[in-house]
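Morning, everyone. I'll take a few minutes on one model. Please look at the screen.

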Amino acid sequence: MFTRFIFCFFLVALLPACGGEDAATPAPEPTPSPQPQPTPPDRAMTDQEAVRLLLQASFGPTDGSVENVAEIGAEAWLEAQFASPVTEHLPLLNSTFPGDEIYSHHWVEIWWQRSIYADDQLRQRVAFSLSQIFVVSTKDARLLVDPRGVTSYYDTLLTHSFGNFRDLLEAVTLHPMMGMYLSMLGNEKPDAERNIRPDENFAREVMQLFTIGLVELNQDGSVVTDSQGNPVATYDQETIKGFAHVFTGWHYAGRASWWDDNYDGQSPMEPYEAFHDRGEKILLNGTVVPAGQNARADLAMALDNLFNHPNVGPFIGKQLIQRLVTSNPSAGYVSRVAAAFNDNGEGVRGDMRAVIEAILLDDEARDINSTSTGKLRNPLLRIAHVMRVFQSRARDGGMGHEFVGLNIGVAPLDSPSVFNFYRPDYSAPGAIREAGLVSPEFQITNEISITRYVNYMFYMAWFNNLRGDDIVEDDAGIVNFDQLAALSDDHDALLDYLNLMLLDGQMNDTMRTVLMDALDYWSQGEADWVKLANVVYLITISPQFAVQQ
């Protein structure tokens with residue numbers, strides 16, 4: 001019953017943020033829209049506005065980052081983040097786990113370290129978003145046993161997060177982890193005698209998922225239709241065949257020959273011309289790849305063909321908006337972001353920095369009263385948010401979340417398929433779908449996943465696993481009690497702080513009253529850490545915490 005209530009509460013909580021309503025379901029007291037606070041004269045933003053930006057553009061706020069953003073403003077903070085050097089994962093993985101005995105959970109441990117503590121928070125958050133578009137997964141046994149290769153792939157996303165989309169597309173295409181996952185690695189030209197036909201896996205997914213999607217789009221993301229009102233397809237089977245033949249002749253780097261046994265899971269794949277199809281190929285919009293070209297020339301033409309398709313701006317731009325800001329951006333919002341992709345203002349197409357700026361500086365992202373914003377948050381983002389606020393780690397220096405996938409069913413680069421854990425067009429049945437809205441993260445939200453998350457947050461808050469095996473009453477769980485100790489006796493100030501840092505001002509009067517009563521109760525003879533652990537636990541399993549407004 002409890003989990004069913006929470007699940008329904010999630011559904012209702014998301015609707016006001018997306019402009020929908022459910023007349024058949026009695027709603028709990030709505031969370032009032034955050035009221036604009038006057039900007040202090042010596043600051044560019046209020047603390048609440050700063051937290052809003054950090055929830056969209058980082059893995060969560062800290063006291064220091066809120067102070068910094070409020071002081072210098074969104075544009076200056078973004079400039080500083082764009083200038084920050086890349087904090088890669090692989091060097092830390094190699095130094096932390098230098099031996100041969102290394103497993104997938106070691107990569108996950110490093111992901112947490114970098115996601116929580118890296119200075120280039122915007123880059124880390126954008127790379128995480130890209131990892132849900134350019135999907136590879138350790139559910140594939142070949143990737144599971146190569147954590148260094150998987151980490152290298154993630155670093156590729158980091159490296160190109162602020163660069164040009166065309167470079168990102170090529171780097172992803174040639175990475176051996178993608179080559180293994182979607183069968184481009186070892187893809188051979190046709191050979192009738194051996195019954196060999198080029199594999200079409202990567203050819204399909206690079207179009208459907210990584211660049212243009214299944215149907216033609218207008219710049220605002222709306223679907224182009226024909227005279228009968230039917231969506232216009234972006235490609236057909238002949239187009240898939242053309243790309244599949246382009247993507248032949250690539251294998252691990254450094255091989256003396258195609259059949260050599262050299263394995264390199266990190267270096268870009270290299271062409272082996274004897275296995276590349278040099279015939280003519282037909283690509284998107286009738287573009288012809290002439291016969292006789294080598295593998296690199298064919299690849300360049302194919303990726304240019306994809307990159308220059310008008311769908312890329314709205315298709316990729318909308319998904320990044322969904323990952324960072326809102327599940328249901330307005331048509332105007334998508335159009336403005338797509339325009340930035342098409343031209344960064346200096347005639348350059350595909351400038352990722354321009355796209356990110358357009359997403360995060362748009363009025364719909366920055367206005368705390370915007371009616372188009374709202375999204376259910378990935379559970380990993382919720383956990384990371386708490387870790388960031390309390391700057392916590394395990395007693396041994398680790399993060400304590402190496403096996404998070406086993407506990408909550410979600411882990412970085414571990415989705416069940418190339419379609420990620422949830423699709424960008426998924427709509428939860430009921431009120432959200434009836435309102436014509438989408439809710440991607442609801443695809444993994446059910447009574448089981450909610451129960452697992454609630455239990456996980458309880459273990460984080462109470463069982464002290466992040467700080468060692470033994471519960472230490474003055475230093476338990478995820479909460480840095482030194483940080484909250486000064487507020488422990490002032491319950492109003494404590495809730496004000498937690499409302500800002502964990503809820504970005506979403507705490508309504510009913511929630512505050514319940515929490516205040518609970519704090520008063522736990523103050524009767526309980527240790528401070530019990531009171532603080534309980535209030536943090538209750539907040540972090542609430543719908544207000546799950547939903548980003």
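Leaving aside neighbours within four places in sequence, which residues is Phe165 in contact with? Contact here means heavy atoms within 4.5 Å. They are Phe134, Phe210, Thr211, Phe307, Val312, Ile316, Phe341, Gly350 and Met352.

Some ground rules. This is a predicted model, where local features need pLDDT of at least 70 and side-chain atom pairs count only at pLDDT 80 or more, while totals for chains, interfaces and linings use all residues. Residues are numbered from 1 along each chain as its sequence is written, and side-chain values use heavy atoms, with hydrogens and water left out.

Now the core. A nonpolar core is a set of buried Ala, Val, Leu, Ile, Met, Phe, Trp, Tyr and Cys residues joined through side-chain atoms within 4.5 Å. Buried is under 20% relative accessible area, exposed is over 50%, and partly exposed is in between, with a 1.4 Å probe and protein chains only. The largest core has 145 residues. Trp112, Leu122, Phe134, Phe165 and Ile359 touch the most other members. Helix H22, residues 447-462, gives the most to this core, with nine residues. Helices are DSSP runs of H or I, at least four residues, numbered from the N terminus. Another core, of seven residues, lies apart; Leu376 and Ala428 are among them.

Next, helix H19, residues 379-390. Arg382, His385 and Arg388 are among them. The expected span is 1.5 Å times one less than the number of residues. At the start of H19, a side-chain oxygen of Asn378 reaches to within 2.8 Å of the backbone nitrogen of Leu380. Just after H19, Gln391 takes a positive phi of about 45°.

Last, salt bridges: a side-chain nitrogen of Lys or Arg within 4 Å of a carboxyl oxygen of Asp or Glu. The whole structure has 19. Glu364 pairs with Arg336, with closest N and O atoms 3.3 Å apart. Glu364 lies in helix H18 and Arg336 in helix H16, so the pair ties together parts that are 28 residues apart in sequence. Glu364 is buried, at 13%. Arg336 is partly exposed, at 41%.

Arg512 forms a salt bridge with Asp492, at 3.4 Å. Asp496 also forms one with Arg512, at 2.9 Å. Here Asp496 is in helix H24 and Arg512 in helix H25. Finally, Arg43, Asp47 and Glu67 are linked in a network of salt bridges.

Definitions and conventions. Helix = DSSP H or I, 4+ residues; strand = E, 2+ residues; numbered from the N terminus. Polar contact = N/O pair within 3.5 Å; in protein donor to acceptor, adjacent residues only side chain to side chain.
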